[in-house]
Amino acid sequence: MGGFNRWSTAEKVSEGIDLKGKTALVTGANTGLGLETTRVLALRGAKVIMACRDQQKAEAARDKIVAESAGNIQPEQLLNLPLDMNALASVRASAEEFLSWDMPLDILINNAGIMIPMERRTEDGFEAHLGINHLAHFLFTRLIIDALKRAGQARVVVVASGAMGMATQTAELNDINWEERKFSGMRSYGDSKLMNLLFAKELNKRFNQDGIVANALHPGVIATELARDQSLPFMILGLVAIPFMKSKGQGAATSVYLATSPDYASKGGLYFSSCQEARPEYKLASDEALCTAVWERSEALTGLDNR
Ligand SMILES: NC(=O)c1ccc[n+]([C@@H]2O[C@H](COP(=O)([O-])OP(=O)(O)OC[C@H]3O[C@@H](n4cnc5c(N)ncnc54)[C@H](OP(=O)(O)O)[C@@H]3O)[C@@H](O)[C@H]2O)c1
């Protein structure tokens, strides 16, 4: 196994792997990397829960995956779970609904994300990158942790980004919610992606003894809908760069690799790019005290510390 690189696709890295009897849940499964990750996990036999905010888009994506699979993916393999990460109340409702299905969860892919240039707040008043990319995923994962424990051996894959190189977070986590500083879309996106990695590391540390392995990754640069709210010059630059980008299959490869490879069934707390262990782009990314600080602050912000 292993030896994969930038050109490897999600299908390639999971060749020969049988996921029959396994259940996976992918956030943001209706388009982009989440859609391709869902498709390939289902192609390998998994039941995949598509956790999406827009049920029409989720249904259309599900139909498309089944229709284009030439009979290799059955409709019963794909389940829809409404999940809007713009509001913590919706995250709680979604977690409750999932738990009511009473299913062990073998694979959780925290994939949904936004990258926007303007300042926007979630329903709970969080800066949108912080709220959607990090806090909503933090809360959802924590609320369904018993389903992951019940799997015996579970994997959590967190889709971060090399954009964490633009993060601003200090060891003190000052102004984490962007209330005092001049707003920067790319820097707040970078902060949220740094928190994705710190979360994966701390999750792995706290729950490894329960059979949960968590890793994070940079998928590469891929033409998806992620830049949909960016400026015209950004879009034009993106169009020019398309020939140098990864395909969606290549972009989803590291998520699928970490979710399925026997090499990482028990090794966690790591960061990957192109299916290889990588050095994180931010200087504080390996700071254990910061991992714990982000965890504790996230518990406080999502109300988990009052339970
Ligand atoms: N593409 C890249 O070059 C790149 C590079 C580095 C990292 N990443 C990361 O890869 C992940 C997937 O991104 P992508 O490129 O596939 O982007 P995408 O095509 O825009 O897909 C993003 C997904 O997230 C969902 N989402 C957004 N806001 C949500 C919310 N409030 N609640 C629930 N779901 C929500 C979207 O749903 P809707 O369709 O309903 O909006 C969509 O399903 C992200 O975490 C991103 O940061 C991407």
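Contact here means heavy atoms within 4.5 Å. This is a predicted model, where local features need pLDDT of at least 70, side-chain atom pairs count only at pLDDT 80 or more, and totals for chains, interfaces and linings use all residues. Residues are numbered from 1 along each chain as its sequence is written, and side-chain values use heavy atoms, with hydrogens and water left out.

**View 1. Glu123 sits in the loop between β4 and α5 (128-143).** Leaving aside neighbours within four places in sequence, Glu123 is in contact with Asn86 and Ala87. Glu123 counts as exposed, because its relative accessibility is 66%. The classes are these: buried is under 20% relative accessible area, exposed is over 50%, and partly exposed is in between (1.4 Å probe, protein chains only). Met85 is 38 residues from Glu123 along the chain. The C-alpha atoms of Glu123 and Met85 are separated by 9.6 Å.

**View 2. The whole protein has eleven helices and eight strands.** Both kinds of element are DSSP runs, numbered from the N terminus: helices are H or I with at least four residues, strands are E with at least two. The C-alpha atoms fill a box of roughly 55 × 50 × 40 Å along the principal axes. Of the 307 residues, 55% count as buried. Take the contacts with a separation of 6 or more: residues 24 or more positions apart account for 77% of them.

**View 3. The surface of the protein comes to about 13000 Å² of accessible area.** Carbon and sulfur atoms hold 52% of it. Accessible areas come from the Shrake-Rupley method with a 1.4 Å probe; for residues, only the protein chains shown count as cover. The protein carries 33 positive and 36 negative charges. Their mean positions are 5 Å apart. Lys and Arg count as positive and Asp and Glu as negative, while His and the chain ends are not counted. Each charge is placed at NZ of Lys, CZ of Arg, CG of Asp or CD of Glu.

**View 4. Ser298 lies in helix α11 (residues 288-302).** Ser298 is buried, because its relative accessible area is 2%. Apart from residues up to four places away in sequence, Ser298 touches His134, Leu135 and Phe138. Ala136 is 162 residues from Ser298 in sequence. In space, Ser298 and Ala136 are 9.6 Å apart, C-alpha to C-alpha.

**View 5. Leu99 belongs to helix α4.** Leu99 is partly exposed, because its relative accessible area is 37%. Beyond neighbours within four places in sequence, Leu99 is in contact with Leu143, Ile144 and Ala147. Ala300 is 201 residues away along the chain, and its C-alpha atom is separated from that of Leu99 by 23 Å.

**View 6. Ala265 is in the loop between α10 (253-260) and β7 (271-273).** Ala265 counts as partly exposed, because its relative accessibility is 21%. Not counting residues up to four places away in sequence, Ala265 touches Gln153, Arg155 and Val213. Ile17 lies 248 residues from Ala265 in sequence and 13 Å from it in space, C-alpha to C-alpha.

**View 7. Asp102 has a positive phi of about 60° although it is not a glycine.** Asp102 is placed in the loop between α4 (88-100) and β4 (107-110). Asp102 counts as exposed, because its relative accessibility is 53%.

**View 8. Leu173 has a positive phi of about 55°, and it is not a glycine.** Leu173 is found in the loop between β5 (154-159) and α7 (185-207). Leu173 is buried, because its relative accessible area is 4%.

**View 9. Cys52 and Cys291 both count as buried.** The relative accessibility of Cys52 is 1%. For Cys291 the value is 4%. A search of the whole structure finds zero disulfides, a disulfide being a pair of cysteine sulfur atoms within 2.5 Å. In general, a disulfide is a covalent bond between the sulfur atoms of two cysteines.
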